[in-house]
Amino acid sequence: MGDPETFLDLTVPSIRRRRKPPRDDAAKRRYVPAGVRRQIWLRAGGACEVPGCHGRRDLQLCHIRAWSQGGANGRWNLLLLCPRHHLLLDAGRIRFRRWIEGRPAFRMPDGTVLRPDARAPPGSGPADQAC
């Protein structure tokens, strides 16, 4: 799963037939439109969006505001996360803070803010130490 085409082929087999522009207002739909998946993949560069994490395997889409609580399936309510950070986010051990220049920032339990510009080598950042 090193490129967006493979990711989309595995998750949305009919992507090649759909030529409509991506929808960002898909709150009433349970599935995430293929165009929105592509935008998220490109924004994330095919890696976990938690700063300092370089995970590229088994990436998952995660809602910032849960779909069951009225959260949309749009690109600004979805994050591409590795399974480890998806679990930590759901458990409240890391929290989405806000968007900074189109990239997500997170807050650790001790109050440390993981800013999107923090690109540390794998295993050395606060995001890895919390896991």
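Biologist: Which residues are exposed on the other side of H3?
Modeller: Leu 87, Asp 90 and Ala 91 are exposed there, where exposed means over 50% relative accessible area, buried under 20% and partly exposed in between (1.4 Å probe, protein chains only). This is a predicted model, in which local features need pLDDT of at least 70 and side-chain atom pairs count only at pLDDT 80 or more, while totals for chains, interfaces and linings use all residues. Residues are numbered from 1 along each chain as its sequence is written, and side-chain values use heavy atoms, leaving out hydrogens and water.

Biologist: And which ones are buried in H3?
Modeller: In H3, which spans residues 83-91, the buried residues are His 85, His 86, Leu 88 and Leu 89. Viewed down the axis of H3, they fall within an arc of 165 degrees, so they line one face of the helix; the arc is taken from the directions from the helix axis to the C-beta atoms.

Biologist: What follows H3?
Modeller: Gly 92 comes after H3, and its phi is positive, near 85 degrees.

Biologist: Switching topic, where does Arg 57 lie?
Modeller: Arg 57 is in the loop that runs between helix H2 (34-44) and strand E1 (60-63); helices (H or I, at least four residues) and strands (E, at least two) are DSSP runs numbered from the N terminus.

Biologist: Why does Arg 57 count as exposed?
Modeller: Arg 57 counts as exposed because its relative accessibility is 70%.

Biologist: How far apart are the C-alpha atoms of Arg 57 and Cys 82?
Modeller: The C-alpha atoms of Arg 57 and Cys 82 are separated by 6.8 Å, although the two residues are 25 residues apart along the chain.
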